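Thanks for coming. I will keep this brief and stay with what the coordinates show.

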Amino acid sequence: MRRSNLPAELNRFVGRAAEQAALAALLETSRLVTVVGVGGVGKTRLALRAAAGAQKRYGEEVRLAELAPLRDPDLVAYALVEALGLTDHTPRTPREVLVEHLAERRMLLVVDGFEHLVESCAPLLRDLLAHAPGLTVLAAGRRPLRVAGEAVFPLAPMDEADAVALLAERAAEAGAPVTGEPFAAPGAPVAGPRGASGAGPRTASGGGPEAVRELCRRLDGIPLALELAAGRLPLLSVEQMLHRLDDRFRLLTDGGRGALPRHQTLRTAIGWSHELCTPEERLLWARLSVFAGPFDLEAVEYVCGSRELPPEQVLDHLGGLLAQSLVSREDTPAGPAYRLLDTVAAYGAEWLAALGDTERMRRRHRDWYMGLATWCELEWFSPRQPEVAACTDAALPNLRAALDLCLELPEDAHLAQHLAGTLWFAWVGCGRLSEGRHWLERALALESGHEEARLKALWVLGYVTVLQGDGTAAVAALHECGERARSSRNALAEAYATHRMGCLALLSDELPRAEALIGRALDSYRELGELNSNVLMGQVEVAMARAFRGDLEGAVAICREVREVCEERGELWTRAYALYVLAFSAWTRDAYGEARELLTECVSINHTFRDLVGLVLAIELLALVTVSEGDPAEAAVLQGAAVPVWDTVGIRLFGSEAFDGPRALCEQRAAEALGAEAFDAAVRAGRGLSLDEVVERALAGRRDPAVGGAADATAPRPFRTAGSAAVPGTRKPAGSPTGKGGEAAG
């Protein structure tokens with residue numbers, strides 16, 4: 001299974017053969033290589049090319065971390081965790097998670113765009129290299145990291161031959177090859193911005209080979225400057241470009257003949273592109289600079305649209321910037337997205353500041369992403385749940401930027417609390433507990449004066465810390481939430497606090513207390529008309545408590561009802577937990593095929609949402625089903641595969657004897673069937689699997705089917721069986737008044 005997240009090249013890599021060979025050789029001998037150079041010189045493209053060439057050597061363990069969109073230095077470690085595809089539910093710091101994950105792995109980590117975060121990035125990379133002997137780091141930025149052992153690879157602009165080849169390649173892609181007859185008659189007026197008088201589409205460039213070489217020399221062989229020039233060749237001839245550049249260079253050198261610094265050459269090329277844009281394109285360019293990372297068209301239309309830039313015209317102007325290589329387009333799981341190159345974004349930000357419009361645009365950006373978070377929360381309880389997960393993942397850099405702004409402004413503290421709380425589904429349901437705790441604790445450290453926003457952030461923090469196994473922090477947050485909710489008569493927030501206290505009791509094996517607390521919360525939800533994923537999860541948690549106490553019949557009745565509601569609403573995340581209980585029930589009836597089918601769906605859903613708690617529980621129950629089918633070796637492999645997953649979840653099986661039942665029984669049966677030596681070897685093999693490999697194995701079904709008879713009727717069961725009794729609040733909750741669910745009201 002592919003373990004690299006390197007992006008595919010959108011166009012052909014041109015030139016740089018000597019640099020590619022030299023960088024590849026340096027990576028053979030140095031564990032930290034930093035490609036440095038001026039903006040636009042091609043550092044990222046060369047680093048990615050070198051990383052792609054090294055994939056075989058690293059067994060495809062090559063990962064890219066893009067740091068340019070980050071503004072908060074405290075998020076560097078979180079960004080690396082995200083880049084490595086890690087999900088950690090423990091209270092450990094992201095640095096600790098990285099050190100443990102990388103300690104025994106051979107990996108190439110590409111770190112791009114770190115220069116504005118070097119004070120936090122450099123010590124982190126130094127620590128990782130010290131603790132992970134198999135790690136190699138390839139960094140790309142405008143300055144060295146200044147870390148011991150760093151090999152600095154200065155990247156100069158392209159030589160003339162490569163520069164000409166790049167310009168010719170990109171010009172051809174733009175439909176204006178740099179060969180052929182000139183198309184502008186001598187003395188013809190110089191074309192102005194697109195749409196101005198005399199500016200029409202052209203299909204070829206003019207000027208001849210010497211003019212092309214001169215253009216490349218004047219642009220100092222800087223790839224970004226050359227690509228911007230190529231994007232203008234359908235409009236201007238090479239000679240016209242040279243004339244315009246001469247004018248700009250003369251202004252910048254006071255008419256002298258001294259050479260411009262290379263960074264100024266690029267700035268001049270960008271400024272020249274800026275001049276050639278229409279006024280509307282220039283305004284859009286400036287406003288786009290408030291985005292961090294990729295953005296979609298709807299976001300652009302809202303954030304950047306105005307009377308001067310009508311939203312219905314934004315697509316045309318965005319297309320103009322795209323055609324000039326100022327904006328790039330990429331495909332994401334959430335759909336098409338756009339991105340400003342970092343150097344281009346910095347230029348736009350300066351123009352936005354000159355217009356005095358930066359703060360207003362940042363607020364509009366924040367407002368859009370707060371609205372997006374609210375929409376995602378509501379749609380989480382719908383058939384669009386997977387879409388919401390993908391959307392949240394794609395929007396994460398911009399959601400971080402919105403949270404940063406809320407925390408910067410004291411008057412917006414309540415917005416920080418509201419946004420951090422609204423994103424509970426991203427923290428809990430999509431495997432980002434650690435980062436969620438980071439934002440929630442920062443928001444709650446501020447006094448907002450808005451009780452409702454604070455209460456929601458408190459119960460969400462309580463939920464996050466319960467799942468992290470940090471009972472002390474969970475009790476503190478939930479106790480404060482409950483007390484303040486009662487004082488302010490906020491019954492819904494009080495119900496959520498009670499619910500999460502019950503969840504803590506469940507994971508602590510206080511089963512009667514768990515059932516009582518969650519049952520009380522479910523009754524409150526019914527009275528308030530609250531119906532959403534949290535409410536259904538509460539019912540599943542009651543079912544688990546019932547099952548652990550021996551009432552399997554009652555647990556199954558609850559989970560069948562939950563599954564029915566989930567099917568009606570298109571809800572998947574909670575459904576997976578209900579399937580887990582139903583799969584155990586099927587196993588107790590010796591219906592192994594049914595149990596496996598249910599668990600396969602469970603594994604698929606949990607992996608989609610990066611929910612490691614649900615995933616590891618399903619894998620361990622699947623191991624029990626597998627040994628019951630007569631395949632103890634595969635069962636032992638699955639058990640071994642669960643161990644590193646638990647390491648990232650936290651305390652193994654939450655320290656709960658109840659949750660440990662399936663694992664303990666499977667271990668007993670598999671060890672007896674295989675013998676200690678073979679069992680240990682299979683477990684070791686399982687521990688060596690990556691998470692993706694474990695999931696692939698689980699979804700593929702039994703690896704070596706054997707004939708398995710019915711389980712011994714006298715064999716021990718991890719759950720007892722007893723009669724059922726009524727469970728408070730477990731009949732189908734009344735729909736919320738909006739029909740959308742009510743997390744936002746909490």
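This is a predicted model: local features need pLDDT of at least 70, side-chain atom pairs count only at pLDDT 80 or more; totals for chains, interfaces and linings use all residues.

Residues are numbered from 1 along each chain as its sequence is written, and side-chain values use heavy atoms, with hydrogens and water left out.

Start with the sheet. Helices (H or I, at least four residues) and strands (E, at least two) are DSSP runs, numbered from the N terminus. Five strands form an open sheet in the order S2-S3-S4-S1-S5, and the pairing is parallel; two strands pair if DSSP finds at least two bridges between them. S2 (62-66) and S5 (151-154) stand at the edges with a single partner strand each, so one side of each has no neighbour in the sheet. On average, neighbouring strands are turned by 20° against each other, direction ignored. Between S3 (residues 107-112) and S4 (residues 135-141) there are 6 bridges, and Leu-108 has Thr-136 in S4 as its bridge partner. Helix H5 (residues 118-131) packs on this sheet and touches S1 (32-36), S3 and S4, contact meaning heavy atoms within 4.5 Å. The direction of H5 makes about 160° with that of S4; axes are lines fitted to C-alpha atoms, for helices over the stretch in contact, and angles run from 0 to 180 degrees between N-to-C directions.

Now helix H23, residues 511-528. Its 18 residues reach 26 Å from first C-alpha to last, close to the 26 Å expected, which is 1.5 Å times one less than the number of residues. Its buried residues include Leu-511, Leu-517 and Tyr-525, buried being under 20% relative accessible area, with a 1.4 Å probe and protein chains only. What do they pack against? The buried residues of H23 pack against helix H22 (491-507) and helix H24 (533-548). Just after H23, Gly-529 takes a positive phi of about 75°.

Helix H28 covers residues 612-628. There, 17 of the 17 residues are buried, so H28 is largely enclosed by the rest of the structure. At its N-terminal end Asp-611 is the cap, with a side-chain oxygen 3.2 Å from the backbone nitrogen of Val-613.

Last, the cysteines. The structure holds 0 disulfides, a disulfide being a pair of cysteine sulfur atoms within 2.5 Å. For Cys-391, the nearest cysteine sulfur is that of Cys-376, 4.1 Å away. Cys-391 is buried, with a relative accessible area of 15%, and Cys-277 is buried at 0%.

Notes: Buried means under 20% relative accessible area, exposed over 50%, partly exposed in between (1.4 Å probe, protein chains only). A polar contact is a pair of N or O atoms within 3.5 Å; within protein, one must be able to donate a hydrogen and the other to accept it, and residues adjacent in sequence count only if both atoms are side-chain atoms.
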